[in-house]
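Student: Could we go through a few labels for this structure and see what stands behind each one?
Tutor: Gladly, let's set the values against the cut-offs.

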Amino acid sequence: MSSIRTELVPEERTPLIRTRVNTLRQEEDAFTVPRPGMPRVTRRGSIRFSVRSTATFVEPSGPDGGWGWVVVLASFTCLCVLDGAAYTFGVFLDPLIEEMGGGRGQTSLAGSLLVATYAFTGPIASRLVSKFGTRKVCMAGAVIAAAGLSLGSFTKSLMGVIATYSIVTGIGFGLMYIPSIVAVANHFTQKRSLAIGICLCGAGFGTFALSPLETFITQNYGWRWGFLSLAGLSLACCLCALTMREVERESWVPAQPEVTIEGESEELNISEQQTKMDKLLGVFIDRDLYKNPAFCLYLLVALADLAATLSLFIPFQYLPAVAHAHGVDKAHAAYIISATGISSTIGRVISGWLCDRAWLHPLTFSALSITLVLPPLFLFTICSSFWSFMVCASLFGLLTGCWVAAMSPIFIRILGPDLLSSAFGLLTAIRGTAGLAGPPMAGFAVDYFDDKLAAIVLAGVCMTASSLLFILATLYSAWRDTRALGRGGPIMGQAENYLQA
């Protein structure tokens, strides 16, 4: 039976930037498909065409479907409810102002704080998931969210709405979000990225479905019954959480250039006694995460994601006004946002399917997606017709959807599935910061230049910075992979032993 070659000629030790599709296809034929029960052998290397197919790592075989698809449906439903409730606050805005008084800015704060609280709960939720599992944490989140919405329906002041709807419900949604993603990842191996991509589509579908539902309830029965209806949907998510049972799978950490090589260990000079800095970091970040050799790469990816998230929310707020200023009817301008949302949903499914392919690394795909989104984003500034805005908005939604769905596969590829909860929890908090900062930055730019196009230009600048950071992260990851590969590792030997067995 064929074996994996571990001896590399000198030129193969350096990542080549040019594409080598034909070479990889020829060498892929020499690979033996793992038998059932064998670990999954996957090519490693951020620049997928930069490292030959001998660059491998071994992920132990695990569940890949079956009951996992029920978990995907359950997680999809949870995301429908929590994101649908979070992003349809505009439906309650006018009724709350009419009943409780106050300005539009003060009342809008309740919706912003809900999203911020649910984002900043991410690190706490990840710790709880690691300790108690996905089912218990998701059920607790559903109950807390339902309690917050129910209490909010009885409040008679804006501060009461903020305390119940924004804070309590936000905490509950945060406790639902992380378990929903992690539960799907735990139930899949080879189809993991596709499953996560389908799950993430729940956010767009929930916003699309709950907006007309809550509008109907609020117009006919009042905003209090709207809150109660959302409370009922949140409580129903407890049934979804019941499907998130524990899965036994072998622990796995991707090969790193800093770990044991051919039986010889490097001195990492890490003291067993935690320093004061360790204790400080440990309050906010899982120690296993920031002690991981790939943590610097994780931070670089998170920084790139932060820049992209700063840009992401700006077009959603300013595109209708920009389109209307260029002669597009207000009713038609609303369709531009709808096209963006639908395209984003499609992009997430496509991204999930592509990230499961052996010839494409999720980090490379994210860098490509963010780079390709720059032309349509900047073209918004010169669009002059409805259809030109629709085309650019559809491309913007499609490509940003691809990037959003690729983040979990990136973390699994560079850190391993065991650290997905911690990595994604911290990323959620970072995204919350970006989501709060992006629109105000755009508003300042619009006021300073007295032109709504300034917001779109700012979004383009942030997205350009993200593209450069993703490209840098891709090159750095490829260098780390090639360094580990060039020194030959125990992972390579394991792959050879399995194929020779």
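This is a predicted model: local features need pLDDT of at least 70, side-chain atom pairs count only at pLDDT 80 or more; totals for chains, interfaces and linings use all residues.

Student: What makes the contact of R224 with E99 a salt bridge?
Tutor: The cut-off is 4 Å between a side-chain nitrogen of Lys or Arg and a carboxyl oxygen of Asp or Glu. The closest N and O atoms of R224 and E99 are 2.5 Å apart, and the pair forms a salt bridge. R224 sits in helix α9 and E99 in helix α3, 125 residues apart.

Student: How do you know whether D305 and R431 are buried or exposed?
Tutor: Buried means under 20%. R431 has 17%, so R431 is buried. D305 has 0%, so D305 is buried. Their side chains meet in a salt bridge, at 2.9 Å from N to O. This pair joins helix α17, with R431, to helix α12, with D305.

Student: Why is α14 called roughly antiparallel to α16?
Tutor: Angles over 145 degrees count as roughly antiparallel. The two helices pack at about 160°, with axes 8 Å apart, so α14 is roughly antiparallel to α16. Among the residues making the contact are F365 and I370 of α14 and W403 and R413 of α16. The contact residues divide into 11 nonpolar, two polar and one charged.

How values were computed. Residues are numbered from 1 along each chain as its sequence is written. Side-chain values use heavy atoms; hydrogens and water are left out. Axes are lines fitted to C-alpha atoms, for helices over the stretch in contact, and angles run from 0 to 180 degrees between N-to-C directions. Helices (H or I, at least four residues) and strands (E, at least two) are DSSP runs, numbered from the N terminus. Angles under 35 degrees count as roughly parallel, over 145 as roughly antiparallel, 65 to 115 as roughly perpendicular and the rest as oblique. Contact means heavy atoms within 4.5 Å. Ala, Val, Leu, Ile, Met, Phe, Trp, Tyr, Cys and Pro count as nonpolar, Asp, Glu, Lys and Arg as charged, and the others, Gly among them, as polar. Buried means under 20% relative accessible area, exposed over 50%, partly exposed in between (1.4 Å probe, protein chains only).
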